[in-house]
Amino acid sequence: MVQKYVAAGKTQEFAEQEVDKFLSDPERSEKYLEMRRYAKAQSEAMMGFESPLFIGGGFLLGLLGTVGLNYLSAMKDVSP
């Protein structure tokens with residue numbers, strides 16, 4: 001979190017103070033930590049072979065849908 005402040009042009013001291021203030025507030029910091037744990041769990045869940053499989057399946061489905069609709073459109077134009 002400190003690095004984000006520093007990257008935004010804030011000083012290291014200011015960034016550390018802000019992060020300490022944020023983390024000392026249990027309500028705000030707990031929500032942040034819960035969000036980070038959830039995001040990490042989601043990314044770990046999609047790191048296996050399933051992710052390329054889903055992407056490939058979506059591509060194939062879109063390709064077949066596009067080709068199929070173009071084929072039907074061409075057939076309607078050709079036949080009276």
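Mentor: Let's start with a cut-off: buried means under 20% relative accessible area, exposed means over 50%, and partly exposed is what lies in between. Keep in mind that this is a predicted model.

Trainee: Okay, why is Glu18 called partly exposed?

Mentor: Glu18 has 21% relative accessibility. Buried needs a value under 20% and exposed a value over 50%, so Glu18 counts as partly exposed.

Trainee: What makes Glu18 and Lys21 a salt bridge?

Mentor: The cut-off is a side-chain nitrogen of Lys or Arg within 4 Å of a carboxyl oxygen of Asp or Glu. For Glu18 and Lys21 the N to O distance is 3.3 Å, so the pair passes as a salt bridge.

Trainee: How are Glu18 and Lys21 placed in helix 2?

Mentor: They sit three residues apart in helix 2 (residues 12-24), so about one helical turn separates them. Lys21 has a relative accessible area of 48%, so Lys21 is partly exposed too.

Trainee: Which other residues form a salt bridge?

Mentor: Glu30 and Arg37 do, with their closest N and O atoms 3.1 Å apart. The structure holds two salt bridges. Glu30 comes in at 40% relative accessibility, so partly exposed is the label here as well.

Trainee: Why can such side chains pair at all?

Mentor: Because side chains of opposite charge can pair when their charged atoms come close.

Trainee: How many charged side chains does the chain have?

Mentor: There are 9 positive and 11 negative ones, and the centres of the two sets are 4 Å apart.

Trainee: Moving on to the fold, what is the chain built from?

Mentor: Four helices and zero strands, so the order from the N terminus reads α-α-α-α.

Trainee: How do you know that the chain is more spread out than a compact globule?

Mentor: The radius of gyration is 25 Å, while the globule rule gives 12 Å for 80 residues; the chain's value is well over that, so it is more spread out. Along the principal axes, the C-alpha atoms fill a box of roughly 75 × 30 × 20 Å. Of the 80 residues, 6% count as buried.

Trainee: Which residues make the nonpolar surface patch?

Mentor: Phe59, Leu60, Leu63, Leu64 and Val67 make a patch of about 510 Å².

Note on methods. Residues are numbered from 1 along each chain as its sequence is written. This is a predicted model: local features need pLDDT of at least 70, side-chain atom pairs count only at pLDDT 80 or more; totals for chains, interfaces and linings use all residues. Side-chain values use heavy atoms; hydrogens and water are left out. Helices (H or I, at least four residues) and strands (E, at least two) are DSSP runs, numbered from the N terminus. The radius of gyration is taken over C-alpha atoms; the globule rule is 2.2 Å times the number of residues to the power 0.38. Buried means under 20% relative accessible area, exposed over 50%, partly exposed in between (1.4 Å probe, protein chains only). Lys and Arg count as positive and Asp and Glu as negative; His and the chain ends are not counted. The place of a charge is taken as NZ of Lys, CZ of Arg, CG of Asp or CD of Glu. Patches are made of residues with over 30% relative accessible area and no salt bridge: like charges are joined within 9 Å, nonpolar side chains (Val, Leu, Ile, Met, Phe, Trp, Tyr) within 5 Å. Accessible areas come from the Shrake-Rupley method with a 1.4 Å probe; for residues, only the protein chains shown count as cover.
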